[in-house]
Amino acid sequence: MTTTLTNTALGQSAPAGTGEPRLFTLRNAHGMHLTISERGAALVSWWAPDRYGRSADVLLGYREPQEYADDTCYFGAIVGRWANRIARGQFALDGKPVQAAVNDRGNHLHGGPQGFHAARWHGEASGQRVSLRLDSPSGQGGFPGNVEVQVDYTLGDDGSLCIEYQAVADAATPINLTSHPYFNLNGGRGDVGDHMLQIDADYFFETDAGGIPTCVAAVEGTPFDFRSPAAIGPRLRWPDRQVGLAGGFDHCYCVGSAPDGRHGPLREVARAWDPRSGRRLQVSTTEAGLQFYSGNALEGVRGRSPRPYARHAGFCLEAGAYPDQVNGEHAGAVILRPGEVYRQTTVYRLSLQG
């Protein structure tokens, strides 16, 4: 596997922290390559062959690098300091009230408008790995404490992209990081309705109209039951109140073994494949939650395609803590304190369906 470095504006390397955010490209021995930007530590593209040997980009994204600076879709980005939602942006930390930024229907979402997805990270290539670092000052997004974050990307010859996260803080603060790639395994030849999906979860979080969890519910007998493989498209058309409220799927599945939402061992929790191209995606994580988002707000977004994206043009499987967990009975599991190290590992593996 090889790593190359380019500059978004000039086509050549540039000193870190100057000029346009730099791009890093990882390649494996089988013609697969993906590009990572210092802007948001984002996965910009991921080219992979189909069953006929034809390569295509399986990620959604923008055409021009500068468009990522005002990205409201979080295309491929690392999001934080808190991924997913916090009700009204409010929570208590050690008995003191905290007000985080509000940016989604009166709630906090994905770190707020100036979250990690909008930041310029510092990237370095070392051997077979790209590492990106970010210093988040106290008060950013309304969160206390200075936080240092590092995210490492490694692409294996088996098609696995390993994403390893670490963070430390000088004061108590909630931390919940995730990667937000939008996948379309047919390379953008259509929406993801024909994609088959399987999620190893018996329970998911029902939500209110603002996306805030209201209760844990069994998937059995609902369109959320992906314990056996099912096509995404027909499930989007089920006359289900939860699907109607979200305009599709935007719900967290309980994929962890620990009920308190703490980190667990790395294990495979979901898989998706496209019958036409034969491409298969497997997701493994240490996290307790997996957010399945069916691209409900993509209609009219101008990305790399010749035409604007349509609704359900891509899907996300975002591994992290439970949404609004800072306001739940297991809030302590998501608070990072001085002297502790936040760690998370998620692996996306692309291959061909047998």
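The numbered points below go from confidence to strands, aromatic rings and charged pairs.

1. On the basis of the model. This is a predicted model, in which local features need pLDDT of at least 70 and side-chain atom pairs count only at pLDDT 80 or more, whereas totals for chains, interfaces and linings use all residues. Residues are numbered from 1 along each chain as its sequence is written, and side-chain values use heavy atoms, with hydrogens and water left out.

2. On confidence. The mean pLDDT of the protein is 93, and 94% of its residues reach 70 or more, pLDDT being the predictor's confidence in each residue on a scale from 0 to 100. Residues 5-16 have a pLDDT below 50, although this stretch has 20 contacts in the model beyond near neighbours in sequence, a contact meaning heavy atoms within 4.5 Å. Where pLDDT is low, the predicted coordinates should not be read in detail.

3. Helices (H or I, at least four residues) and strands (E, at least two) are DSSP runs, numbered from the N terminus, and two strands pair if DSSP finds at least two bridges between them. Strand β24 (residues 289-293) pairs with β21 in the antiparallel sense over five bridges, and β24 is also joined by five bridges to β25 (residues 316-320), again running antiparallel. Q291 in β24 is the bridge partner of C252, and E318 in β25 is the bridge partner of Q291. H251, for its part, has F292 as its bridge partner in β24.

4. On burial in these strands. Five of the five residues of β21 are buried, where buried means under 20% relative accessible area, exposed over 50% and partly exposed in between (1.4 Å probe, protein chains only). D250, C252 and C254 point one way from β21, while H251 and Y253 point the other way, and all are buried. Strand β24 is likewise covered on both faces, with G289, Q291 and Y293 buried on one side and L290 and F292 buried on the other.

5. On L197. This residue is found in strand β17 (residues 196-199), and it counts as buried because its relative accessibility is 0%. Leaving aside residues up to four places away in sequence, L197 touches a set of residues including F226, R271, F292 and L317. By contrast, the C-alpha atoms of L197 and I212, which are 15 residues apart along the chain, are separated by 24 Å.

6. On aromatic pairs. A search of the whole structure finds 17 aromatic pairs; rings of Phe, Tyr and Trp (its six-membered ring) pair if their centres lie within 6.5 Å, and planes under 30 degrees apart count as stacked, over 60 as edge-to-face and the rest as tilted. F116 and W121 form an edge-to-face pair, at 6.1 Å centre to centre with 85° between the planes, and both residues are buried. The ring centres of F226 and F249 are 5.7 Å apart and their planes stand at 70°, so this pair is edge-to-face. F226 lies in the loop between β19 (213-218) and β20 (230-231) and F249 in the loop between α2 (241-246) and β21 (250-254), so the pair ties together parts that are 23 residues apart in sequence. Both F226 and F249 are buried.

7. R235 lies over the face of F226, at 4.9 Å from the ring centre; a charge sits over a ring if NZ of Lys or CZ of Arg is within 6 Å of the ring centre and within 35 degrees of the ring normal. Elsewhere, Y62, Y68, F75, Y182, Y293 and Y309 form one aromatic cluster.

8. On salt bridges. The structure holds 15 salt bridges, each defined as a side-chain nitrogen of Lys or Arg within 4 Å of a carboxyl oxygen of Asp or Glu. D152 forms one with R129, the closest N and O atoms being 3.6 Å apart, and this pair links D152 in strand β13 (residues 147-155) to R129 in strand β12 (residues 129-136), 23 residues apart. D152 is buried at 6% relative accessibility, whereas R129 is partly exposed at 33%. The side chains of R271 and E268 also meet in a salt bridge, with their closest N and O atoms 2.7 Å apart. Finally, R85, D104, R105 and D250 are linked in a network of salt bridges.
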